[in-house]
Amino acid sequence: MSDAALIDHMDVPILVGDPEANAVHMNPAFERSFGVDAGLSLGTPLAELFEGGGREAMLRAVASACGQGASVRCRIRERGVGWCAVISPIANQGEQVGVVVLLTEEQAGADQLMSLRRELEAPVDEVELGLETLLEETGGRRNPGHRARLEETLRSVERLRKSLDEMSTVLAGRQPAARVEPFDPAQVVRQVADATRERFAERETSLQLLAPTSLAGFPGDGPGLERALRALVDARLACREVPARITLGVRRLGPEDAESLVVSVSETPRDGPFESTFPDDPALMDRLNALGARVHAYVHPRLGRTTILQMHPAS
(Lines give C-alpha, C1' and ligand atoms only; values in the text may rest on other atoms or scores of the structure.)
Protein backbone atom coordinates (compact mmCIF):
# COMPACT_ATOMS: atom_id res chain seq x y z
CA MET A 1 0.00 0.00 0.00
CA SER A 2 1.42 3.42 -0.98
CA ASP A 3 1.91 6.22 1.53
CA ALA A 4 -0.92 8.21 -0.06
CA ALA A 5 -3.30 5.25 0.13
CA LEU A 6 -2.39 4.70 3.77
CA ILE A 7 -3.05 8.37 4.57
CA ASP A 8 -6.40 8.20 2.77
CA HIS A 9 -7.53 5.35 5.03
CA MET A 10 -6.79 7.29 8.23
CA ASP A 11 -9.78 8.88 9.96
CA VAL A 12 -7.92 12.05 10.96
CA PRO A 13 -7.39 15.07 8.70
CA ILE A 14 -3.96 14.97 7.03
CA LEU A 15 -2.49 17.46 4.61
CA VAL A 16 0.77 17.10 2.66
CA GLY A 17 2.73 19.97 1.15
CA ASP A 18 5.66 20.26 -1.25
CA PRO A 19 8.95 22.10 -0.46
CA GLU A 20 7.23 25.42 -1.30
CA ALA A 21 4.42 24.58 1.21
CA ASN A 22 1.77 24.11 -1.48
CA ALA A 23 -0.81 21.35 -1.02
CA VAL A 24 0.01 18.19 -2.96
CA HIS A 25 -2.27 15.74 -1.14
CA MET A 26 -5.12 15.80 1.34
CA ASN A 27 -6.99 12.79 2.63
CA PRO A 28 -10.80 12.42 2.59
CA ALA A 29 -10.96 13.14 6.33
CA PHE A 30 -9.42 16.57 5.69
CA GLU A 31 -11.86 17.28 2.87
CA ARG A 32 -14.84 16.36 5.06
CA SER A 33 -13.68 18.22 8.15
CA PHE A 34 -12.66 21.45 6.43
CA GLY A 35 -15.10 21.51 3.51
CA VAL A 36 -12.33 21.44 0.92
CA ASP A 37 -12.41 19.80 -2.52
CA ALA A 38 -9.03 18.24 -3.26
CA GLY A 39 -9.65 18.52 -7.01
CA LEU A 40 -9.89 22.30 -6.71
CA SER A 41 -7.40 22.92 -3.90
CA LEU A 42 -4.24 21.00 -4.80
CA GLY A 43 -1.44 23.44 -5.52
CA THR A 44 -2.88 26.01 -3.11
CA PRO A 45 -0.56 27.30 -0.35
CA LEU A 46 -1.28 25.29 2.80
CA ALA A 47 -2.15 28.35 4.90
CA GLU A 48 -4.81 29.49 2.43
CA LEU A 49 -6.85 26.34 3.07
CA PHE A 50 -7.80 27.73 6.49
CA GLU A 51 -9.85 30.65 7.74
CA GLY A 52 -8.47 34.00 8.94
CA GLY A 53 -6.99 33.26 12.38
CA GLY A 54 -6.10 29.69 11.49
CA ARG A 55 -4.45 30.88 8.29
CA GLU A 56 -2.03 33.09 10.20
CA ALA A 57 -1.27 30.39 12.79
CA MET A 58 -0.70 27.78 10.09
CA LEU A 59 1.50 30.12 8.05
CA ARG A 60 3.77 30.73 11.04
CA ALA A 61 3.85 27.08 12.06
CA VAL A 62 4.73 25.81 8.57
CA ALA A 63 7.48 28.43 8.22
CA SER A 64 8.84 27.51 11.66
CA ALA A 65 8.81 23.76 10.93
CA CYS A 66 10.58 24.25 7.61
CA GLY A 67 13.09 26.67 9.10
CA GLN A 68 13.92 24.57 12.17
CA GLY A 69 13.67 21.17 10.52
CA ALA A 70 11.58 19.96 13.48
CA SER A 71 7.91 19.40 14.28
CA VAL A 72 5.87 22.41 15.39
CA ARG A 73 2.46 22.46 17.08
CA CYS A 74 -0.24 25.08 16.84
CA ARG A 75 -3.95 25.44 17.53
CA ILE A 76 -6.51 26.71 15.07
CA ARG A 77 -10.24 27.23 15.07
CA GLU A 78 -12.20 26.38 11.95
CA ARG A 79 -15.98 26.52 11.55
CA GLY A 80 -16.35 26.83 15.31
CA VAL A 81 -14.26 23.71 15.97
CA GLY A 82 -10.88 23.76 17.71
CA TRP A 83 -8.06 21.75 16.17
CA CYS A 84 -4.55 20.90 17.32
CA ALA A 85 -2.13 20.72 14.38
CA VAL A 86 1.26 19.01 14.28
CA ILE A 87 3.37 20.23 11.36
CA SER A 88 6.37 18.03 10.55
CA PRO A 89 9.00 18.47 7.83
CA ILE A 90 9.58 15.57 5.44
CA ALA A 91 13.23 14.88 4.68
CA ASN A 92 14.91 12.49 2.28
CA GLN A 93 18.66 11.91 2.69
CA GLY A 94 19.00 15.17 4.57
CA GLU A 95 17.09 17.23 1.98
CA GLN A 96 13.69 18.69 2.85
CA VAL A 97 11.13 17.47 0.35
CA GLY A 98 7.89 18.63 1.93
CA VAL A 99 5.78 18.96 5.02
CA VAL A 100 2.91 16.98 6.54
CA VAL A 101 0.14 18.43 8.71
CA LEU A 102 -1.83 16.15 11.05
CA LEU A 103 -4.88 17.64 12.78
CA THR A 104 -6.80 16.32 15.77
CA GLU A 105 -10.05 17.78 17.00
CA GLU A 106 -9.81 19.30 20.45
CA GLN A 107 -12.12 18.15 23.20
CA ALA A 108 -15.25 20.19 23.75
CA GLY A 109 -15.00 22.81 26.45
CA ALA A 110 -13.10 25.67 24.85
CA ASP A 111 -16.16 27.93 25.08
CA GLN A 112 -16.52 27.10 28.76
CA LEU A 113 -12.84 27.84 29.33
CA MET A 114 -13.25 31.18 27.59
CA SER A 115 -16.19 31.98 29.85
CA LEU A 116 -14.20 31.05 32.94
CA ARG A 117 -11.34 33.21 31.72
CA ARG A 118 -13.69 36.20 31.45
CA GLU A 119 -14.97 35.55 34.96
CA LEU A 120 -11.40 35.82 36.27
CA GLU A 121 -11.04 39.42 35.07
CA ALA A 122 -13.05 40.96 37.92
CA PRO A 123 -11.25 39.20 40.81
CA VAL A 124 -7.87 39.96 39.24
CA ASP A 125 -8.84 43.64 39.06
CA GLU A 126 -9.94 43.55 42.70
CA VAL A 127 -6.71 41.89 43.84
CA GLU A 128 -4.65 44.46 41.97
CA LEU A 129 -6.62 47.36 43.44
CA GLY A 130 -6.30 45.94 46.97
CA LEU A 131 -2.54 45.48 46.62
CA GLU A 132 -2.08 48.99 45.28
CA THR A 133 -4.05 50.37 48.23
CA LEU A 134 -1.91 48.42 50.70
CA LEU A 135 1.23 49.61 48.99
CA GLU A 136 0.14 53.21 49.29
CA GLU A 137 -1.51 53.32 52.70
CA THR A 138 -0.10 50.64 55.01
CA GLY A 139 3.12 48.71 55.56
CA GLY A 140 4.42 49.52 52.10
CA ARG A 141 5.61 52.91 53.31
CA ARG A 142 6.92 51.94 56.73
CA ASN A 143 8.55 48.59 56.07
CA PRO A 144 10.88 48.11 53.05
CA GLY A 145 10.38 44.35 53.25
CA HIS A 146 6.60 44.71 53.03
CA ARG A 147 6.95 47.11 50.15
CA ALA A 148 9.20 44.74 48.21
CA ARG A 149 6.74 41.89 48.77
CA LEU A 150 3.79 43.98 47.58
CA GLU A 151 5.67 45.17 44.51
CA GLU A 152 6.60 41.59 43.60
CA THR A 153 2.99 40.48 44.07
CA LEU A 154 1.80 43.30 41.82
CA ARG A 155 4.25 42.13 39.15
CA SER A 156 2.80 38.63 39.56
CA VAL A 157 -0.70 40.01 39.02
CA GLU A 158 0.48 41.71 35.85
CA ARG A 159 2.01 38.44 34.62
CA LEU A 160 -1.28 36.71 35.42
CA ARG A 161 -3.21 39.30 33.43
CA LYS A 162 -0.92 38.86 30.41
CA SER A 163 -1.23 35.08 30.65
CA LEU A 164 -5.02 35.38 30.68
CA ASP A 165 -4.85 37.50 27.54
CA GLU A 166 -2.68 34.88 25.87
CA MET A 167 -5.14 32.19 26.99
CA SER A 168 -7.91 34.05 25.19
CA THR A 169 -5.80 34.23 22.07
CA VAL A 170 -5.02 30.50 22.13
CA LEU A 171 -8.63 29.52 22.82
CA ALA A 172 -9.65 31.64 19.85
CA GLY A 173 -7.31 29.55 17.69
CA ARG A 174 -4.68 32.24 17.16
CA GLN A 175 -1.01 32.38 17.99
CA PRO A 176 -0.09 34.84 20.77
CA ALA A 177 1.90 37.72 19.36
CA ALA A 178 5.53 37.71 20.36
CA ARG A 179 6.43 40.59 22.65
CA VAL A 180 9.50 42.34 21.32
CA GLU A 181 10.64 45.44 23.17
CA PRO A 182 13.82 46.56 24.95
CA PHE A 183 14.16 45.15 28.47
CA ASP A 184 16.81 44.63 31.13
CA PRO A 185 17.80 40.94 31.42
CA ALA A 186 19.79 41.65 34.60
CA GLN A 187 16.64 43.01 36.23
CA VAL A 188 14.68 39.96 35.06
CA VAL A 189 17.18 37.62 36.72
CA ARG A 190 17.04 39.66 39.95
CA GLN A 191 13.24 39.57 39.94
CA VAL A 192 13.29 35.77 39.61
CA ALA A 193 15.79 35.57 42.47
CA ASP A 194 13.69 37.86 44.69
CA ALA A 195 10.51 35.93 43.91
CA THR A 196 12.02 32.55 44.82
CA ARG A 197 14.14 33.38 47.90
CA GLU A 198 11.60 31.92 50.32
CA ARG A 199 11.49 28.64 48.40
CA PHE A 200 15.28 28.49 48.47
CA ALA A 201 15.16 28.91 52.26
CA GLU A 202 12.49 26.21 52.60
CA ARG A 203 14.63 23.71 50.65
CA GLU A 204 17.82 24.81 52.46
CA THR A 205 19.39 25.66 49.13
CA SER A 206 21.64 28.69 48.79
CA LEU A 207 21.14 31.21 45.99
CA GLN A 208 23.98 32.94 44.19
CA LEU A 209 23.47 35.73 41.66
CA LEU A 210 26.00 36.62 38.97
CA ALA A 211 24.62 39.64 37.14
CA PRO A 212 25.87 43.10 36.22
CA THR A 213 24.12 46.18 37.50
CA SER A 214 22.23 46.63 34.26
CA LEU A 215 21.88 45.17 30.77
CA ALA A 216 19.10 47.52 29.74
CA GLY A 217 18.14 47.74 26.10
CA PHE A 218 18.19 44.09 25.01
CA PRO A 219 15.33 43.64 22.49
CA GLY A 220 13.12 40.63 23.17
CA ASP A 221 10.32 39.19 25.29
CA GLY A 222 11.26 40.12 28.85
CA PRO A 223 8.11 38.72 30.54
CA GLY A 224 8.47 35.51 28.55
CA LEU A 225 12.08 35.11 29.66
CA GLU A 226 11.09 35.75 33.27
CA ARG A 227 8.40 33.05 33.17
CA ALA A 228 10.74 30.54 31.55
CA LEU A 229 13.57 31.24 33.98
CA ARG A 230 11.19 31.01 36.93
CA ALA A 231 10.01 27.61 35.65
CA LEU A 232 13.61 26.40 35.37
CA VAL A 233 14.33 27.44 38.96
CA ASP A 234 11.05 26.08 40.36
CA ALA A 235 11.67 22.68 38.71
CA ARG A 236 15.07 22.39 40.34
CA LEU A 237 13.72 23.34 43.75
CA ALA A 238 10.89 20.83 43.40
CA CYS A 239 13.00 17.81 42.50
CA ARG A 240 13.73 15.09 45.05
CA GLU A 241 17.50 15.63 45.03
CA VAL A 242 17.51 19.39 45.50
CA PRO A 243 20.94 20.97 44.86
CA ALA A 244 23.00 22.58 47.62
CA ARG A 245 23.32 25.79 45.64
CA ILE A 246 21.78 27.29 42.53
CA THR A 247 23.60 30.08 40.72
CA LEU A 248 21.73 32.37 38.36
CA GLY A 249 23.92 34.18 35.87
CA VAL A 250 23.37 36.57 32.97
CA ARG A 251 25.72 38.35 30.59
CA ARG A 252 25.71 39.86 27.15
CA LEU A 253 28.26 38.72 24.60
CA GLY A 254 30.16 40.99 22.26
CA PRO A 255 29.69 41.83 18.56
CA GLU A 256 31.62 38.72 17.50
CA ASP A 257 28.73 36.70 18.98
CA ALA A 258 26.03 39.00 17.59
CA GLU A 259 25.67 40.61 21.03
CA SER A 260 23.58 37.65 22.13
CA LEU A 261 22.36 37.13 25.68
CA VAL A 262 23.45 34.21 27.86
CA VAL A 263 21.40 33.21 30.91
CA SER A 264 22.60 30.30 33.02
CA VAL A 265 21.20 28.15 35.82
CA SER A 266 24.00 26.21 37.53
CA GLU A 267 23.48 23.57 40.24
CA THR A 268 25.99 22.47 42.84
CA PRO A 269 25.28 18.92 44.08
CA ARG A 270 24.44 18.35 47.73
CA ASP A 271 25.76 14.80 48.08
CA GLY A 272 27.16 12.83 45.17
CA PRO A 273 27.73 14.12 41.62
CA PHE A 274 24.87 14.56 39.17
CA GLU A 275 24.68 11.67 36.74
CA SER A 276 23.00 13.58 33.91
CA THR A 277 21.71 16.98 32.86
CA PHE A 278 18.39 18.15 34.26
CA PRO A 279 15.46 16.38 32.50
CA ASP A 280 13.80 18.38 29.73
CA ASP A 281 10.22 19.55 30.15
CA PRO A 282 8.60 19.46 26.65
CA ALA A 283 6.18 22.30 27.46
CA LEU A 284 9.00 24.46 28.77
CA MET A 285 11.17 23.62 25.76
CA ASP A 286 8.33 24.78 23.49
CA ARG A 287 8.19 28.02 25.48
CA LEU A 288 11.95 28.52 25.13
CA ASN A 289 11.79 27.79 21.41
CA ALA A 290 9.10 30.45 21.09
CA LEU A 291 11.49 32.91 22.74
CA GLY A 292 14.15 32.01 20.19
CA ALA A 293 16.39 30.59 22.91
CA ARG A 294 18.98 27.92 22.16
CA VAL A 295 19.35 25.56 25.12
CA HIS A 296 22.65 23.93 26.08
CA ALA A 297 23.02 21.60 29.05
CA TYR A 298 26.24 20.31 30.62
CA VAL A 299 27.14 18.07 33.55
CA HIS A 300 30.49 17.84 35.36
CA PRO A 301 31.25 15.28 38.10
CA ARG A 302 32.76 17.92 40.39
CA LEU A 303 31.27 21.26 39.34
CA GLY A 304 27.67 20.09 38.95
CA ARG A 305 25.37 20.78 36.03
CA THR A 306 24.46 23.86 34.08
CA THR A 307 21.65 24.84 31.75
CA ILE A 308 22.43 27.75 29.42
CA LEU A 309 19.95 29.80 27.40
CA GLN A 310 21.42 31.77 24.53
CA MET A 311 19.20 34.36 22.87
CA HIS A 312 19.90 36.69 19.98
CA PRO A 313 18.39 40.19 19.90
CA ALA A 314 14.87 39.99 18.50
CA SER A 315 13.91 42.23 15.62
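A word on ground rules comes before the tour. The model is predicted, so local features need pLDDT of at least 70 and side-chain atom pairs count only at pLDDT 80 or more, while totals for chains, interfaces and linings use all residues. Residues are numbered from 1 along each chain as its sequence is written, and side-chain values use heavy atoms, with hydrogens and water left out.

Let us start with a sheet. Helices (H or I, at least four residues) and strands (E, at least two) are DSSP runs, numbered from the N terminus. Two strands pair if DSSP finds at least two bridges between them. In general, strands of a sheet pair through backbone hydrogen bonds, either parallel or antiparallel. Here, five strands form an open sheet in the order 2-1-5-4-3, and the pairing is antiparallel. Strand 2 (23-26) and strand 3 (72-78) are at the edges with a single partner strand each, so one side of each has no neighbour in the sheet. From one strand to the next, the twist averages 25°; axes are lines fitted to C-alpha atoms, for helices over the stretch in contact, and angles run from 0 to 180 degrees between N-to-C directions.

Seven bridges pair strand 3 with strand 4 (residues 81-92) in the antiparallel sense. If you want a landmark, look at Val72, whose bridge partner in strand 4 is Ile87. Helix 4 (residues 52-68) lies across strand 3, strand 4 and strand 5 (95-105), and runs at about 165° to strand 3.

Strand 5 is also where you will find Gly98. Gly98 counts as buried because its relative accessibility is 0%; buried means under 20% relative accessible area, exposed over 50%, and partly exposed in between (1.4 Å probe, protein chains only). Gly98 and Pro19 are 79 residues apart in sequence, yet their C-alpha atoms are 4.3 Å apart in space. Leaving aside neighbours within four places in sequence, Gly98 is in contact (heavy atoms within 4.5 Å) with Gly17, Asp18, Pro19, Pro89 and Ile90.

Now move along the chain to another sheet. This open sheet of five strands has the order 7-9-10-12-11, with mixed pairing. Its edges are strand 7 (206-210) and strand 11 (293-300); each has a single partner strand, so one side of each is left without a neighbour in the sheet. The twist here averages 15° from one strand to the next. Strand 10 and strand 12 run antiparallel and are joined by seven bridges, and the bridge partner of Glu267 in strand 12 is Arg305.

Next come the nonpolar cores. A nonpolar core is a set of buried Ala, Val, Leu, Ile, Met, Phe, Trp, Tyr and Cys residues joined through side-chain atoms within 4.5 Å. The largest one has 28 residues, and those touching the most other members are Leu225, Leu229, Leu248, Val250, Leu261, Val263 and Leu288. At least two residues of this core come from each of helix 8, helix 9 (222-238), strand 9 (245-252), strand 10 (261-268), helix 10 (282-290) and strand 12 (304-311). Beyond its neighbours within four places in sequence, Leu229 is in contact with Val189, Val192, Val263 and Val265. A second, separate core has 25 residues, including Ala23, Phe34, Phe50 and Cys74.

What about charged pairs? There are nine salt bridges in the structure, each a side-chain nitrogen of Lys or Arg within 4 Å of a carboxyl oxygen of Asp or Glu. One of them joins the side chains of Arg32 and Asp11 at 3.1 Å, N to O. This pair links distant parts of the chain, 21 residues apart: Arg32 is in helix 2 (residues 28-34), and Asp11 is in the loop between helix 1 (3-8) and strand 1 (14-17). Both Arg32 and Asp11 are exposed.

Another salt bridge connects Arg197 with Asp194, with 3.3 Å between the closest N and O atoms. These two sit in helix 8 (residues 185-202), three residues apart, about one turn of the helix.

Finally, the cysteines. A search of the whole structure finds zero disulfides, a disulfide being a pair of cysteine sulfur atoms within 2.5 Å. For Cys84, the nearest cysteine sulfur is that of Cys74, 7.6 Å away.
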